[in-house]
Amino acid sequence: QVQLVESGGGLVQAGGSLRLSCAASGRAFSTYSVGWFRQAPGKERERVARISRGGATTDYADSVKGRFTISRDNAKNTMYLQMNSLKPEDTAVYYCAAGLSIQGPWNYWGQGTQVTVSS
């Protein structure tokens with residue numbers, strides 16, 4: 001089992017940037033594929049990005065392609081979501097998750113971090 005803790009959320013203006021971090025503990029980080037998800041009030045949770053355990057494969061939602069970059073540093077047991085050109089519609093609680101495959105299931109989840117983008 002792995003424990004995940006997100007950090008780096010906050011309030012930014014439209015067009016700004018933010019980097020989210022997800023620190024893992026409890027089991028070797030490199031064992032897992034990881035992903036970032038978000039959920040806005042009244043909306044379904046959606047997957048925004050995912051990355052394979054070795055980092056060779058990445059995948060992004062169409063809404064964030066070209067703006068967000070997922071990465072991982074297995075030596076630091078940490079993964080990141082670099083968010084550029086932020087839009088108000090990016091406002092949500094962002095969660096990191098881990099699973100044994102990039103296709104899921106996503107068995108382990110962090111507590112979430114709030115990202116708010118003002119117009």
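A residue is described as partly exposed when its relative accessible area falls between the buried range, under 20%, and the exposed range, over 50%. In this predicted model, Ser-85 has a relative accessible area of 40% and is therefore partly exposed. Ser-85 is placed in the loop between β8 and β9. Its phi is near 50 degrees, a positive value in a residue other than glycine. A positive phi, of about 55 degrees, is also found at Asn-77, which is not a glycine. Asn-77 belongs to the loop between β7 and β8, and its relative accessibility of 30% means that it counts as partly exposed.

A further backbone feature concerns the peptide bond joining Gly-104 and Pro-105. This bond is cis, with omega at about -5 degrees. Pro-105 is located in the loop between β9 and β10.

The largest nonpolar core comprises 30 residues, and Leu-20, Trp-36, Ile-70, Met-79, Leu-81, Met-83 and Tyr-94 have the most contacts inside it. At least two residues of this core come from each of β3, β4 (33-39), β5 (46-51), β7 (68-73), β8 (78-83), β9 and β11. The surroundings of Met-79 illustrate this arrangement. When neighbours within four places in sequence are left aside, Met-79 is in contact with residues including Leu-20, Phe-29, Val-34, Trp-36 and Ile-70. Cys-22 and Cys-96 are also among the contacts of Met-79.

These two cysteines form a disulfide, with their sulfur atoms 2.1 Å apart, and the structure holds one disulfide. Cys-22 lies in strand β3 (residues 18-25) and Cys-96 in strand β9 (residues 92-99), so the bond ties together parts that are 74 residues apart in sequence. The torsion about the S-S bond is about 60 degrees, and the disulfide is therefore right-handed. Both Cys-22 and Cys-96 are buried.

Both cysteines are also touched by Glu-6, a residue of strand β1 (residues 3-7). Glu-6 is buried yet has no salt bridge. The nearest side chain of opposite charge, that of Arg-45, is 9.8 Å away, whereas a salt bridge requires the charged atoms to be within 4 Å. The side chain of Glu-6 instead reaches backbone nitrogens: that of Cys-96 at 2.8 Å, and that of Gly-112, which lies 2.8 Å from a polar atom of the Glu-6 side chain. Beyond residues up to four places away in sequence, Glu-6 touches Ser-21, Trp-36, Tyr-94, Tyr-95, Gly-110, Gln-111 and Thr-113, among others.

Gly-112, one of the two residues whose backbone nitrogen is reached by Glu-6, is found in the loop between β10 (108-109) and β11 (113-118). Its relative accessible area is 16%, and Gly-112 is therefore buried. With residues up to four places away in sequence not counted, Gly-112 touches Glu-6, Val-93, Tyr-94 and Tyr-95. The C-alpha atoms of Gly-112 and Val-93 are separated by 5.9 Å, although the two residues are 19 residues apart along the chain. Tyr-94 and Tyr-95 are touched by Glu-6 and by Gly-112, and Tyr-94 is among the residues with the most contacts inside the largest nonpolar core.

Key. Residues are numbered from 1 along each chain as its sequence is written. This is a predicted model: local features need pLDDT of at least 70, side-chain atom pairs count only at pLDDT 80 or more; totals for chains, interfaces and linings use all residues. Side-chain values use heavy atoms; hydrogens and water are left out. Helices (H or I, at least four residues) and strands (E, at least two) are DSSP runs, numbered from the N terminus. Buried means under 20% relative accessible area, exposed over 50%, partly exposed in between (1.4 Å probe, protein chains only). Contact means heavy atoms within 4.5 Å. Lys and Arg count as positive and Asp and Glu as negative; His and the chain ends are not counted. A polar contact is a pair of N or O atoms within 3.5 Å; within protein, one must be able to donate a hydrogen and the other to accept it, and residues adjacent in sequence count only if both atoms are side-chain atoms. A disulfide is a pair of cysteine sulfur atoms within 2.5 Å. A nonpolar core is a set of buried Ala, Val, Leu, Ile, Met, Phe, Trp, Tyr and Cys residues joined through side-chain atoms within 4.5 Å.
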